[in-house]
Amino acid sequence: MSKVPYKIYLEESEMPKQWFNVRAAMKEKPEPFINPGTMEPCTADDLRPVFCDALIEQELNNDDRYIEIPQGIQDFYKMYRPSPVTRAYNLERILDTPAEIYYKFEGNNTSGSHKLNSAAAQVYYAKEQGLTSLTTETGAGQWGTALAMACAFYGIDLTVYMVKVSAQQKPYRKAVIETYGGKVIPSPSDTTEVGKKILAENPNTGGSLGCAISEAMEVALKTDNCRYVLGSVLNHVILHQSIIGQELKTALEKYDVEPDIIIGCAGGGSNLGGLISPYMADKIEGKNNIQFIAVEPASCPSLTRGKYALDFGDTGKTTPLMRMYTLGSGFIPSPNHAGGLRYHGMSPIVSKLYHDGYMEARAVEQNKIFEAATTFARCEGTLPAPESSHAIRVAMDEALKCKETGEKKTIVFGLTGTGYFDMSAYMSYMDGSMTDFIPTDEDLEKGFASLPVKE
């Protein structure tokens, strides 16, 4: 086998023409959405007022392993895909580890993250349906930026409810969204009924993704020819992100590289789900024994300390109920948390795989995350997003274990994006003002009290 190059590039012709639906490989499927009014599984008609028709079809599809990527989306993807897989030779040297470390980099676009993979698909289908406007939420801002880019390309109006603390911490991210034509409203706001209610109950809140989702959904439901689009959590979003895992698998197979460990950061679960999908299908079928690790912030630990329960996807309790690992839709992360991944729950797909023992989860404090981020930046040359740095931290930890044991493992992680809009967080780490917040059991109980079904 020839020496693996620093970067493995695929040809344009090697880019996947189909998305991979991991649910088709799962022995037990995630539970369907539940209509909170009837407590029966949601039908396509239940979801139609909120989502595009094509996305509803993908959301409910548990059977088709491959779903065609329309040519109009492939043409968009070709502007920034395929994305490279990099052998982290410099990081290996710094850590003095026998492990081989690889990362799949999704930051080679203006949004700076993997989010564009699903944004392009969702806006394309909205345009095909004849819609004229969309609403969404964004936390750290990657999703809002990606969606603004896609809406500009396909010619659709966009309103973005951005978590208030993020809008304050990241004014340049807001400016990029507006450059692409998106309208940004810090959330919670007084532009919606649910926003007014949240502000009345907690006037000083920095907001949460759950709050922003509630506002975006309310506006979509009240606006003609408009739908709501979501950047993570849902089945169809993980489907779109499966292009990451497929490209990864194709690239590594060119050099006979077989991962022992695959690591991804986990907020709502979309990048992680997409990264692991083809490899997870093989594990379910007994074709590999890869160790899959989801890494989340200690300040918002839905997998490691949450409950596997039916819950709303938003603070205003307007979404269907989803069976997922959750801290409760009423949980609001500490405003000092700068590392992203603020969502109170986890994708039903990722939650089910974790619940069934196919993967593990770890929670990490943000000072440790930024320590890993700066180490990576100094030796690999890319400033990583704080979200991505959760995966970097655990990849480094696993590589150092190999150093202790002398065992040579192949470690792969997802570098979901760049951190160039996160400099206030980096500054906080550098000047020593960054603090770690870990919610107490009492803090978590307040969120669990908002669970709608007592099981």
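Helices here are runs of at least four residues that DSSP assigns as H or I, numbered from the N terminus. The model on screen is predicted.

**Stop 1: a pair inside helix α9**

Select residues 193–201, which make up helix α9. Inside this helix, colour Glu193 and Lys196, which sit three residues apart, about one turn of the helix. An α-helix has 3.6 residues a turn, so residues three or four places apart point the same way. The two side chains form a salt bridge, with the closest N and O atoms 3.6 Å apart. Lys196 is partly exposed, at a relative accessible area of 41%.

**Stop 2**

Now select residues 386–405, helix α16. Glu398 and Lys401 are three residues apart here, which puts about one helical turn between them. They too form a salt bridge, and the closest N and O atoms are 3.1 Å apart. Is Glu398 buried or exposed? Glu398 is buried, with a relative accessible area of 5%, whereas Lys401 counts as partly exposed at 41%.

**Stop 2: other salt bridges**

How many salt bridges does a search of the whole structure find? The count is 30. Show Arg48 and Asp53, whose side chains meet in a salt bridge at 3.2 Å, N to O. Arg48 is partly exposed, with a relative accessible area of 31%, and Asp53 is also partly exposed, at 35%. Then select Arg81, Lys104, Glu106 and Glu247 together: salt bridges link these four residues in a network.

**Stop 3: helix α6**

Select residues 142–154, helix α6. Next, look at its surroundings. Eleven of the 13 residues are buried, so the helix is mostly covered, as follows from the cut-off of under 20% relative accessible area for a buried residue. Among the buried residues are Trp143, Leu147, Met149 and Tyr154.

**Stop 4: the open sheet**

Seven strands form an open sheet with mixed pairing, in the order β1-β4-β5-β15-β10-β11-β14. At the edges stand β1 (7–8) and β14 (360–364), each with a single partner strand, so one side of each has no neighbour in the sheet.

Select residues 410–415, strand β15. All six of its residues are buried. In a regular strand the side chains alternate between the two faces of the sheet. In β15, Thr410, Val412 and Gly414 lie on one side, while Ile411, Phe413 and Leu415 lie on the other, and both faces are covered.

Move on to strand β11 (residues 291–297), which is parallel to β14 and joined to it by five bridges. Here Pro297 stands opposite Val364.

**Stop 5: the nonpolar cores**

Show side chains again. The largest nonpolar core has 77 residues, and those with the most contacts inside it are Trp19, Tyr77, Leu252 and Met359. Centre the view on Met359. Residues that Met359 touches include Leu272, Ile276, Phe292, Val350 and Tyr354. A second, separate core has 26 residues, among them Val295, Val364, Ile369 and Cys402.

**Stop 6: the cysteines**

Finally, select the cysteines. How many disulfides does the structure hold? There are zero. Cys52 is in no disulfide, and the nearest cysteine sulfur, in Cys226, is 9.4 Å away. Cys52 counts as buried, at 0% relative accessibility. For Cys300, the closest cysteine sulfur belongs to Cys211 and is 12 Å away, too far for a bond. Cys300 is buried as well, with a relative accessible area of 2%.

Technical notes: Residues numbered from 1 in each chain as written. Predicted model: local features only at pLDDT ≥ 70, side-chain atom pairs only at ≥ 80, totals over all residues. Heavy atoms only, no water. Core = buried A, V, L, I, M, F, W, Y, C linked by side-chain atoms within 4.5 Å. Buried < 20%, exposed > 50% of the residue type's maximum accessible area, 1.4 Å probe, protein only. Contact = heavy atoms within 4.5 Å. Helix = DSSP H or I, 4+ residues; strand = E, 2+ residues; numbered from the N terminus. Expected span 1.5 Å × (residues − 1). Disulfide = S-S within 2.5 Å. Pairing = 2+ DSSP bridges.
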